[in-house]
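Here is a walk through a two-chain model, written for someone who likes to see the cut-offs next to the numbers. Have the structure open as you read.

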Amino acid sequence: MTDYNEKISALYDGELSSTETDELLARIEDEGMQDQLKKYAQLSALIASGEQESKPSNITYIKFPDFFQYRPWLSNGMSAAAAVLLTVFLINPSESDRLGFNSQAQSQIQDAINSDEAKTNIIRIEEGLLEHMFNVLDKSNVENKNQFNPNLTNVGFQSRSNKPGHYTNGKENFYIHIADKDLGLKRARYWRSGTNMVYLFPLPGGKIITLYGNLSLEEANKIINSIEIR
Amino acid sequence: MNKENNNEDFYLIEKVKERNQDAFKVLMIKYQPRIYSALFGYVKSKEDAEDLTQQVFIRVWNKIDSFRGDSAFFTWVYRVAINLAKNHVTSASYKKQKLNISDDVINFDYPHFDSPESSVESIETSKIIKNFISTLPEILKTPFILREYEGKTYEEIAQIIDCPIGTVRSRIFRARETILDFIKKEVSNDWLQWEDISALRWRA
């Protein structure tokens, strides 16, 4: 029985062979199996829900503060991109200090929850940032010959000649974008987007650099520090 | 392991494309709570969120052939959900549409989950559960967190913690069962219960 239940757990994770999956699918009407899957799904939903709770590791996951409640007018591009953006996550204070990030966003979101006025301001800023980010994500799949293409060989990344704005070091790949937009971004922010990360870095004069890819924080920081903006 | 395109649901999706309802049921069970929760956050109405969730999976069933695997399956389903929610809040004809979706009848009972909002009832309860997760023995906690929070595959977890894949599978299962047992005993068994809205027939 334990082996059967263990297989259900693996089925839930998509980790069974096709033969094993077929065997379990043949028993899908088993209420015990359905009940087990539903409990796992509930547990995953709880974990995904965040709500300023601490993840039991050094990363704090928080739910975007009632994001959709405040923007029923999502544009098409945004709604598509919203699908990949479920969780904002912030590094804990000690680590963020070391990496040059801080927990401003976390406190802002707390403020947003506590104060109507702050909520309005924060949501406005978040909307602007997200809209910008979604636009960048949309553009990342489109060849754009006017794309910002800095030389990043000093930090180990080569531009991919066939895809402007795309870089790789063989292991990590990302897309870079720069825009003249004063969105009120004062400090670096970053989001998970599926298996990728989105980093937004503010520059003097209101420009924003966006990095999108499977980049670590450390690499993103190195890349940004290596770029000279004129 | 049946993964292609880095999609953990690849095999089930292929089965759904062959119109296998059992495979679809697994996917529906797996993702419904998260979709419902997202929709509830959007529309702030239990009834509307339920209606929309139902419509999401009807649409997923109908449009599954258009899923190319470029993104995670959940991402795709979530996109469907958001588009429907957007239509919901902008379309006056929503309530008419939801009763007349299309023609083919699929005999899926529509499983209803209590939403985290309604049944856990408070962030405090959620915190209790997460705190409990943090107290799990390392051998269970690490693979569970890597799987549930980081979305790592069993193979990746096996590499990270340097043990066989079978051990990872066993530990994740044990972690889940330990957490669910804790919830049942210490939090609220209600949170884990669900009810079928058996009168509902899916029209897809």
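Just after H1(B), B:Arg19 takes a positive phi of about 70°. The model is predicted, so local features need pLDDT of at least 70, side-chain atom pairs count only at pLDDT 80 or more, and totals for chains, interfaces and linings use all residues. Residues are numbered from 1 along each chain as its sequence is written, chains are lettered from A and ligands numbered from 1 in the order in which they are written, and side-chain values use heavy atoms, with hydrogens and water left out.

Helices and strands here are DSSP runs numbered from the N terminus (helices: H or I, at least four residues; strands: E, at least two). H1(B) is mostly covered, with six of its eight residues buried. Buried stands for under 20% relative accessible area, exposed for over 50%, and partly exposed for what lies in between (1.4 Å probe, protein chains only). The buried residues of H1(B) are B:Phe10, B:Tyr11, B:Leu12, B:Ile13, B:Lys15 and B:Val16. What do they pack against? Their partners are helix H2 (18-25) of chain A and, within chain B, H2, helix H3 (46-63) and helix H4 (73-90).

## The two chains in outline

The table sets the chains side by side. A contact means heavy atoms within 4.5 Å, and accessible areas come from the Shrake-Rupley method with a 1.4 Å probe, where for residues only the protein chains shown count as cover.

| Property | Chain A | Chain B |
|---|---|---|
| Helices and strands | nine helices, eight strands | 10 helices, four strands |
| Residues and buried share | 230 residues, 54% buried | 204 residues, 54% buried |
| Accessible surface, and part from carbon and sulfur | about 10,200 Å², 46% | about 9,300 Å², 44% |

Along the sequence, the elements of chain B follow the pattern α-α-α-α-α-β-β-α-α-α-α-α-β-β.

## Salt bridges

Side chains of opposite charge can pair when their charged atoms come close. A salt bridge here is a side-chain nitrogen of Lys or Arg within 4 Å of a carboxyl oxygen of Asp or Glu. By this rule there are 17 salt bridges over all chains.

One of them joins the side chains of A:Glu6 and B:Arg169, at 3.3 Å from N to O. This pair crosses between chains, from helix H1 (residues 2-12) of chain A to helix H10 (residues 165-187) of chain B. Both A:Glu6 and B:Arg169 are buried.

Another salt bridge brings together B:Lys30 and B:Glu8, with 2.5 Å from N to O. B:Lys30 sits in helix H2 (residues 21-43) of chain B, while B:Glu8 belongs to the segment before helix H1 (10-17), 22 residues apart, so the pair links distant parts of the chain. Why does B:Lys30 count as buried? Because its relative accessibility is 3%.

B:Asp181 and B:Lys185 form a salt bridge too, with their closest N and O atoms 3.0 Å apart. The two residues lie in helix H10 of chain B, four residues apart, or about one turn of the helix. B:Asp181 is partly exposed, with a relative accessible area of 34%, whereas B:Lys185 counts as exposed at 59%. Elsewhere, salt bridges that share partners join A:Asp13, B:Glu8, B:Asp9, B:Lys30, B:Arg147, B:Glu148 and B:Arg176 into one network.

## Two crossing helices

How do H8(B) and H10(B) pack? Helix H8 (residues 138-148) of chain B meets H10(B) at an angle of about 95°, with the axes 8 Å apart. Axes are lines fitted to C-alpha atoms, for helices over the stretch in contact, and angles run from 0 to 180 degrees between N-to-C directions. That makes H8(B) roughly perpendicular to H10(B), a label that covers 65 to 115 degrees, with angles under 35 degrees called roughly parallel, over 145 roughly antiparallel and the rest oblique. On the H8(B) side the contact involves B:Ile139, B:Leu140, B:Pro143, B:Phe144, B:Arg147 and B:Glu148. H10(B) contributes B:Arg171, B:Ile172, B:Arg174, B:Ala175, B:Arg176, B:Thr178 and B:Ile179.

## A loop asparagine in chain A

A:Asn214 lies in the loop between strand E8 (207-213) and helix H9 (217-226) of chain A. A:Asn214 is partly exposed, with a relative accessible area of 31%. Its side chain reaches the backbone nitrogen of A:Asn173 at 2.6 Å and the backbone oxygen of A:Lys171 at 3.3 Å. These are polar contacts (a pair of N or O atoms within 3.5 Å; within protein, one must be able to donate a hydrogen and the other to accept it, and residues adjacent in sequence count only if both atoms are side-chain atoms). The C-alpha atoms of A:Asn214 and A:Phe174 are separated by 6.4 Å, with the residues 40 apart along the chain.
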